[in-house]
Amino acid sequence: YTFTGSPVATPEDGATSGMITIENCTFEGDSELNLAVTGGKVKLLRINTNRPVVLRGIDREGSSNRVYAMIHTSTLRGLRVENVADLTVRTNKLSGTPLLFRDNHELLFDGNRVDGGPLVFEQTEAGRFRKKKFTKCDLLCSTVRFFAPATPGKSDRVVLDKCWFAGQTGAAELAEIVED
């Protein structure tokens, strides 16, 4: 299905929950995909976009959201995912801006090709990178940035496993690409 000029979005001041699957779709022109979700599963499978995709997990009063999301085999021009309980981003082609992953509780970033950038992984509290896995990605972006505020006594270890940086292998060259 092709969306041309019409959004797939939750209301600006609202959110939804349940099972959301968007598969084999193209978003052209001004079409956008912008979801705020409090719980359930969100699957974005084999979609193509010209505008950034936005997915936000919204906490319920007194408890964290229970959003489980999978973004798989898609070509996205910009992606912003925030505050999702369990997020898998696998075998996508990502480009454009923003490419931002903020405060997601669990994250598997696997087999993606990233062009452009910067690619940003951000945690607003120290010590929250421990449930994040980054593996088998082609990182052709200008910068891969990992950010968490410095807190004495807390540290975050980030492992980029089997990732490719356009042939760069030296510590000095990788330090120009990967920022923490």
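Me: Strands (E, at least two residues) and helices (H or I, at least four) are DSSP runs, numbered from the N terminus. With that settled, where does D103 lie?

Reply: D103 sits in the loop between β9 and β10, the latter covering 106-110. The model is predicted, so local features need pLDDT of at least 70 and side-chain atom pairs pLDDT 80 or more, while totals for chains, interfaces and linings use all residues. Numbering runs from 1 along each chain as its sequence is written, and side-chain values use heavy atoms, without hydrogens or water.

Me: OK. What's phi doing at D103?

Reply: Phi of D103 is positive, near 55°, and D103 isn't a glycine.

Me: And is D103 buried or exposed?

Reply: D103 is buried, at 12% relative accessible area. The cut-offs are under 20% for buried and over 50% for exposed, with partly exposed in between (1.4 Å probe, protein chains only).

Me: How accessible is T91?

Reply: T91 comes out at 37% relative accessibility, so it counts as partly exposed. D103, by contrast, is buried.

Me: Switching to omega: what's up with the peptide bond from T97 to P98?

Reply: The T97 to P98 bond is cis, with omega near -5°. P98 belongs to strand β9, which spans residues 93-102.

Me: Next one, E122. Which strand has it?

Reply: E122 is in β12, residues 119-122. Its relative accessible area is 17%, so E122 is buried.

Me: What does E122 touch?

Reply: Leaving out residues up to four places away in sequence, E122 touches L100, F101, R102, D103, F129 and F147. Contact means heavy atoms within 4.5 Å.

Me: Now the packing. How many residues are in the largest nonpolar core?

Reply: There are 40 residues in it. A nonpolar core is a set of buried Ala, Val, Leu, Ile, Met, Phe, Trp, Tyr and Cys joined through side-chain atoms within 4.5 Å. The residues with the most contacts inside this core are F109, L119, F121 and L139, and the strand that gives the most to it is β4 (residues 33-49), with six residues.

Me: Take L139, then. What does it touch?

Reply: With residues up to four places away in sequence not counted, L139 touches F109, V114, L119, V144, C163, W164, F165 and A166. F109 and L119 are also on the list of residues with the most contacts inside the core.

Me: Back to β4. What about L45?

Reply: L45 is in β4 and is buried, with a relative accessible area of 14%. Residues up to four places away in sequence aside, L45 touches T21, I22, E23, N24, M70, H72 and S74.

Me: How far is L45 from L99?

Reply: Their C-alpha atoms are 18 Å apart, with the two residues 54 places apart along the chain.

Me: Last one: where's S31, and what is it in contact with?

Reply: S31 lies in the loop between β3 (16-28) and β4. S31 is buried, at 1% relative accessible area. Neighbours within four places in sequence aside, S31 is in contact with F3, T4, G5, S6 and R51.
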